[in-house]
Amino acid sequence: MHLPPPIIAKPLPYEHLLAQRKPTDIDLVVIHCTELPDLATAREYGERALYDNGSGNSGHYYIDRDGSIQQYVALDRVAHHVRGINPRSIGIELVNNGRWPNWFDSNHQTMTEPYPEAQIAALVRLLEWLPQAVPSLRYIAGHEQLDTALEPASDDAGRSVQRKLDPGPLFPWELVLRSIDLQRMPG
């Protein structure tokens, strides 16, 4: 039995507008990186209303570089973090620059910021506990595995780049998978 890690509840202003779901509908955790410079900027992006119902894009949990965890969306609500997969998944965002601020520039597609040890330790602790809170959890995937769409490059519309690359090549999949009971999602 794993105790929950320290989690600071910071619900987004529109959390109550997000669709409700049953915990038994959830079988997947999706790992993201924010591709933003810091947690404050990620919060600002998360608060932006982008949809007709007044909600926006967000994950359930955000883990800062120092290992602190904030929860923006309750597990019984559907967060908007990956196309077509949201109703069955939990989104975990790791604060990391990724390709920021030139996400779609064809010359800026290498993700170079490593994930700090404290951040990965907090992620593992969260992933150890989540199956107790959501017993139907079985799988884990990276955002890049689930959203393989291409976008026109911002510097050359004749070229295409991956829309999503996160959590990226520096994410320590082997270490994380060795520490948890979830399986890598097939496909």
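**Core, sheet, charges and pocket**

Q: Which residues does valine 29 touch, leaving out those up to four places away in sequence?
A: Valine 29 touches Ile90, Ile92, Leu127, Leu130, Leu137, Tyr139, Ile140, Ala141 and Leu182, with residues up to four places away in sequence not counted. Contact here means heavy atoms within 4.5 Å.

Q: And what are the ground rules for the model?
A: This is a predicted model, in which local features need pLDDT of at least 70 and side-chain atom pairs count only at pLDDT 80 or more, while totals for chains, interfaces and linings use all residues. Residues are numbered from 1 along each chain as its sequence is written, and side-chain values use heavy atoms, with hydrogens and water left out.

Q: How many residues are in the largest nonpolar core, and which have the most contacts inside it?
A: The largest nonpolar core has 29 residues, and Val29, Ile90, Ile92, Leu123, Leu127 and Leu130 have the most contacts inside it. A nonpolar core is a set of buried Ala, Val, Leu, Ile, Met, Phe, Trp, Tyr and Cys residues joined through side-chain atoms within 4.5 Å. Buried means under 20% relative accessible area, exposed over 50%, and partly exposed in between (1.4 Å probe, protein chains only).

Q: Which elements give two or more residues to this core?
A: E2, E3, E5, H2 and H4 do. The largest share, eight residues, comes from H2. The labels are DSSP runs numbered from the N terminus: helices are H or I with at least four residues, and strands are E with at least two.

Q: What does the second core include?
A: That core is separate and has eleven residues, including Leu36, Ala42, Tyr62 and Val73.

Q: Switching to the sheet. What is the strand order?
A: The order is E1-E4-E3-E5-E2-E6-E9 in an open sheet of seven strands, with mixed pairing. Two strands pair if DSSP finds at least two bridges between them. Strand E1 (7-9) and strand E9 (183-184) stand at the edges with a single partner strand each, so one side of each has no neighbour in the sheet.

Q: Where does valine 29 have its bridge partner?
A: In E6, where the partner of valine 29 is isoleucine 140. E2 and strand E6 (residues 139-142) pair in the parallel sense over four bridges. On to E9: isoleucine 140 stands opposite arginine 184 there, and E6 and E9 pair in the parallel sense over two bridges.

Q: How many bridges join E3 to E5?
A: Three, and the two strands run parallel. Tyrosine 61 has isoleucine 92 in E5 as its bridge partner.

Q: Glutamine 70, buried or exposed?
A: Glutamine 70 is buried, with a relative accessible area of 13%. Its place is in strand E4. Glutamine 70 touches Ile8, Lys10, Leu39, His60, Tyr61 and Tyr62, again without residues up to four places away in sequence.

Q: Now charges. How many salt bridges are there?
A: The count comes to seven salt bridges, a salt bridge being a side-chain nitrogen of Lys or Arg within 4 Å of a carboxyl oxygen of Asp or Glu. One of them joins glutamate 35 and arginine 99, with the closest N and O atoms 3.0 Å apart. Glutamate 35 lies in the loop between strand E2 (28-33) and helix H1 (39-47), and arginine 99 in the loop between strand E5 (89-94) and helix H2 (117-133), so the pair ties together parts 64 residues apart in sequence.

Q: What is the relative accessibility of glutamate 35, and of arginine 99?
A: Glutamate 35 is at 4% and counts as buried. Arginine 99 is at 0% and counts as buried.

Q: What about arginine 65 and glutamate 113?
A: Their side chains meet in a salt bridge, 2.6 Å from N to O. Arginine 65 lies in the loop between strand E3 (61-63) and strand E4 (69-71) and glutamate 113 in the loop between E5 and H2, so the pair ties together parts 48 residues apart in sequence. Arginine 65 is partly exposed at 22% relative accessible area, whereas glutamate 113 is buried at 17%.

Q: Which residues are closest to the centre of the largest pocket?
A: Thr34, Tyr45, Asn57, Glu93 and Lys164, out of the 27 residues that line the largest pocket. The largest share of the lining, three residues, comes from H1.

Q: How is a pocket defined?
A: On a 1 Å grid over the protein atoms alone, a pocket is an open set of points where a 1.4 Å probe fits, with protein on both sides within 12 Å along at least five of seven lines, and lining residues have an atom within 4 Å of a point.
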